[in-house]
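Let's take a walk through this protein together, one stop at a time. Keep the 3D view open as you read.

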Amino acid sequence: MNGSILLAQTYWKETDPRDTYIFLGVVGGLILIAVVSSLIKKALGGQPLLAARRGQQSFSRSSFRRRAYVAGFSEAEAQFLEHYARRLGVTNPQAIFSSKPQLDAFMKGAFRHIERQADSEESAEQLKSQLFAIRESMQLRLSAGPAIRSSRQLKARTPLSIVTQKESHYSSIVAVNDDRVLYVEPALDAFGVPIRFPRGAKLKIFFYSGNHVGYSFPSRSKGLVNVDGRQFLALAHSEAVQQMPTRRHQRREARLSCRFYLMHVRAGRDRGKLVKTVQVEKAAVPGIVTDVSAGGLSMQTMSPAQVGEFVKLQFDVGNGERAAYASVVRVSRLRSGSAMHLKFVKISVKTANEIRAYVYGYE
């Protein structure tokens with residue numbers, strides 16, 4: 001053993017300490033370069049830099065979706081968000097859904113991931129459009145208050161619309177919300193006679209909350225019943241209340257230069273078919289965009305178009321000049337000029353996404 005120690009001492013005997021320092025410095029430098037290179041590759045590939053292997057294995061699909069449902073997201077929306085939660089290395093769903101800023105930061109990360117990793121520009125724009133639709137839906141839910149998830153939450157006197165499988169529509173109103181069934185005013189036929197839906201008949205129920213948010217849920221008829229001398233239609237309760245989609249868009253105040261061109265749409269017949277021709281005037285009218293959304297914009301101008309007229313718009317939200325076509329829905333007089341409010345009637349998916357990115361600060 002003493003011979004081994006002596007041999008080792010002979011092998012590691014330093015003739016010049018600087019040689020050892022140089023050797024260790026070179027090895028340490030190579031290791032550092034390898035680590036930095038690996039981190040750069042992960043960053044360019046959209047992978048989380050600090051996601052540990054243990055954390056990746058702890059991702060819980062059920063936990064993520066449960067918290068998404070509680071936050072008001074639909075099954076399809078939760079599935080879409082889950083895909084990017086995995087891509088971004090999320091291991092704590094509670095942190096994402098704990099507050100609006102955290103959720104918005106997560107969606108912004110998903111937006112950037114799509115921009116870097118999408119297979120094509122067309123695919124990227126479609127995915128971003130889906131993401132922004134979820135973002136806008138979330139904004140509306142936050143402004144609308146707590147979501148309704150069960151028919152047991154409906155209050156008396158809530159107006160309802162009953163739709164049969166044959167697409168027949170009937171109006172009703174909630175009379176008594178019992179824990180077992182939902183009693184509503186019976187739907188009436190043209191002669192004012194209560195309609196007897198067969199027991200077990202599938203029905204679709206629509207209603208609006210106090211915040212003008214639309215909902216729907218599936219139900220089944222339990223027939224006409226008498227309660228305290230009054231006749232009601234009994235409906236089965238449902239725990240699958242879904243919020244209906246909305247076309248409202250969040251706006252952002254702005255101060256962007258733009259211009260518009262008046263359009264003239266003429267209709268005529270060619271061989272019996274209705275043909276429309278569109279002519280765009282060459283003279284541009286300048287203006288200033290004061291607010292913008294994916295659905296339209298408002299602008300100040302000295303020479304407004306008339307309500308109902310169509311215009312071609314040219315503006316820039318930070319990605320270069322873009323064009324869209326719009327109709328004038330309202331004109332307001334100002335001290336200096338007019339405020340013209342327009343609704344987009346034709347806009348590319350790419351331009352709509354750029355506007356949404358501008359509105360939410362994702363640019």
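Let's start with helix H4, whose buried residues are Ser63, Phe64, Arg65 and Ala68. Bear in mind that this is a predicted model. What covers those buried residues of H4? Helices H5 and H6 are among the elements that do.

In soluble globular proteins, nonpolar side chains tend to be buried together. The largest nonpolar core here has 26 residues, and the members that touch the most others are Phe73, Leu81, Leu103, Phe106, Met107 and Leu131. Two or more residues come from each of H4 (61–70), H5 (75–87), H6 (93–97), H7 (100–117), H8 (121–144) and H9 (349–360). H7 makes the largest share, with six residues.

Zoom in on Phe106 for a moment. Setting aside neighbours within four places in sequence, Phe106 is in contact with Leu81, Tyr84, Ala85, Leu88, Val90 and Ile96. There is also a second, separate core, this one with 23 residues, including Val292, Leu297, Val317 and Phe344.

Our last stop is Ser338, which you'll find in strand S14, residues 337–346. Is Ser338 buried or exposed? Its relative accessibility is 1%, and buried means under 20%, so Ser338 counts as buried. If you skip residues up to four places away in sequence, Ser338 touches Met299, Gln300, Thr301, Pro304, Val331, Ser332 and Arg333.

Terms used. Residues numbered from 1 in each chain as written. Predicted model: local features only at pLDDT ≥ 70, side-chain atom pairs only at ≥ 80, totals over all residues. Heavy atoms only, no water. Helix = DSSP H or I, 4+ residues; strand = E, 2+ residues; numbered from the N terminus. Buried < 20%, exposed > 50% of the residue type's maximum accessible area, 1.4 Å probe, protein only. Contact = heavy atoms within 4.5 Å. Core = buried A, V, L, I, M, F, W, Y, C linked by side-chain atoms within 4.5 Å.
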